[in-house]
Amino acid sequence: MKVSIIGTGYVGLPAGAGLASKGHEVTCVDIDEEKVEKINRGECPIFEEDLPELLEQVVSEGRLEATTDTEEAVKNSDVTFLAVGTPMKEDGSINLDYIKEAAEDVGNALKGKDGYHVVVVKSTVVPTTTEEEIIPILEEESGKSAGEDFGVCMNPEFLREGTALKDFLDPDRIVIGELDERSGETLEKLYRDFEAPILRTEVKAAELIKYASNSLLATKISFINEIGNLCKELGIDVYEVADGVGMDHRIKRDFLNAGCGFGGSCFPKDVRALIKFMEEKEVEPSILESVIDVNTDQKTKPVEILEEKIGDLEGKKVAVLGLAFKPGTDDVRNSPAIDMIQELKDKGAKVKAYDPEAMENMEKIHPDVKYVGSYQEALRGVDAGIIATDWEEFKDIDKDVLDRMENELIVLGRRIWNKQGLNGFKGIAWD
Ligand code: NAD
């Protein structure tokens with residue numbers, strides 16, 4: 001099939017390369033000219049496992065190209081995915097500006113296009129958005145009728161950054177929210193070479209499945225962090241507790257790793273958007289409010305522990321190791337490290353930072369931090385350190401490095417190893 005994808009970020013690009021690898025002809029569209037040029041040279045603009053190799057291959061074989069011209073891309077395809085960002089507004093609600101703009105462009109292109117076309121909302125949008133916001137724009141701009149002249153589906157994406165390509169190609173399930181049967185059939189055909197079970201639902205159910213999934217995962221994290229805070233008081237190893245709890249097949253061990261909380265471009269914004277949406281619908285979001293509250297506290301807990309151990313942070317030198325919201329990505333959106341660094345600066349500490357991939361992105365948020373080229377350099381001459389992301393390489397931090405620090409203290413915001421009670425190391429929710 002011929003596919004166009006509007007938005008070539010962490011979702012659009014892996015989806016584009018993935019579909020091209022399945023034999024589809026893909027046109028990626030972005031307003032960012034630099035990204036478009038890079039993609040057309042076969043270069044990957046984001047840090048993602050296996051994506052650079054596949055992208056280079058599908059571009060060189062002529063199965064994927066990029067453009068800034070939405071109209072041409074839509075005209076030359078049968079299915080168009082909307083995969084632009086749906087960020088969070090100041091008040092926590094969803095910002096639909098980008099997707100509305102993209103829908104306008106697509107609707108406009110549909111006006112002059114013959115033949116049946118399916119528009120697929122892949123961006124995460126709160127329930128009813130596709131039917132109440134996107135479809136009216138598509139209809140108005142195209143002068144055509146959804147469900148008759150063109151099809152519409154809502155197809156949420158569950159991939160994880162860092163393993164985006166693998167997750168896109170091998171998902172647990174594919175959810176297709178269909179406006180009508182023909183739209184759903186067309187999208188199911190596009191996914192025919194995928195092995196995952198396909199769940200076909202109504203459009204707004206598909207939208208909610210995405211929010212409910214992310215909110216439940218975020219809930220598991222905040223839950224275990226709360227239990228972890230109790231464990232720290234009692235001298236219990238929260239990871240042992242998580243193992244025991246996770247052995248129950250109804251619960252599962254995943255997402256029960258206590259630490260300095262969740263970040264990223266999805267969990268914080270999706271949980272908050274769902275809270276806002278529920279409030280609008282006058283449904284009390286009490287569980288989700290607590291999930292956010294626990295997470296907010298957890299993000300700066302390492303700084304609290306530092307203060308307890310080495311006292312006033314005014315003038316102290318602190319290294320923050322790990323800036324990405326999780327290992328395997330250069331994405332710092334809502335990363336706990338952002339809050340930690342802010343808290344350290346507010347308390348008068350001098351911050352040095354290191355991350356194998358995410359320093360450039362963090363520099364845009366905290367330009368006044370000293371960024372260095374290795375964790376060894378970051379830890380040299382500081383009073384203390386915090387590990388905020390569990391990058392593999394941090395597992396090598398040992399006594400040797402600690403011996404060169406002034407107060408010999410590293411707070412582990414992430415459990416990077418199973419050694420307990422090591423001198424010089426303090427866990428956020430364990431010893
Ligand atoms: P992103 O910010 O990485 O990428 C969005 C891209 O869209 C950018 O390159 C931007 O330049 C482009 N864009 C914006 N407006 C455009 C327009 N009018 N025309 C063409 N291009 C335009 O976003 P992302 O992380 O890929 O997320 C996209 C959507 O997928 C969001 O709704 C997000 O919630 C959802 N999602 C993200 C993830 C994830 O892990 N990042 C996972 C699942 C779902």
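Modeller: A polar contact is a pair of N or O atoms within 3.5 Å. The model discussed here is predicted.

Colleague: Which backbone nitrogen lies 3.1 Å from a polar atom of the side chain of Ser183?
Modeller: Ser183 is found in helix H8, residues 181–190. Its contacts beyond four places in sequence include Tyr116, Val118 and Gly151. The backbone nitrogen at 3.1 Å from a polar atom of the Ser183 side chain belongs to Val152.

Colleague: With which side chain does the side chain of Ser183 make a polar contact?
Modeller: Ser183 has 0% relative accessibility, so it counts as buried. Its side chain makes a polar contact at 2.5 Å, and the partner is the side chain of Asp180.

Colleague: Is Leu409 buried or exposed?
Modeller: Leu409 sits in the loop between helix H16 (399–402) and strand S13 (410–412). Among the residues it touches, beyond four places in sequence, are Leu306, Ile310, Leu402 and Lys426. The cut-off for burial is under 20% relative accessible area. Because its relative accessibility is 7%, Leu409 counts as buried.

Colleague: Which helices do the buried residues of H6 pack against?
Modeller: The buried residues of H6 include Ile134, Ile135, Ile137 and Leu138. They pack against strands S4, S5 and S6, and against the helices H5 (97–111) and H9 (203–234).

Notes. Residues are numbered from 1 along each chain as its sequence is written. This is a predicted model: local features need pLDDT of at least 70, side-chain atom pairs count only at pLDDT 80 or more; totals for chains, interfaces and linings use all residues. Side-chain values use heavy atoms; hydrogens and water are left out. Buried means under 20% relative accessible area, exposed over 50%, partly exposed in between (1.4 Å probe, protein chains only). Helices (H or I, at least four residues) and strands (E, at least two) are DSSP runs, numbered from the N terminus. Contact means heavy atoms within 4.5 Å. A polar contact is a pair of N or O atoms within 3.5 Å; within protein, one must be able to donate a hydrogen and the other to accept it, and residues adjacent in sequence count only if both atoms are side-chain atoms.
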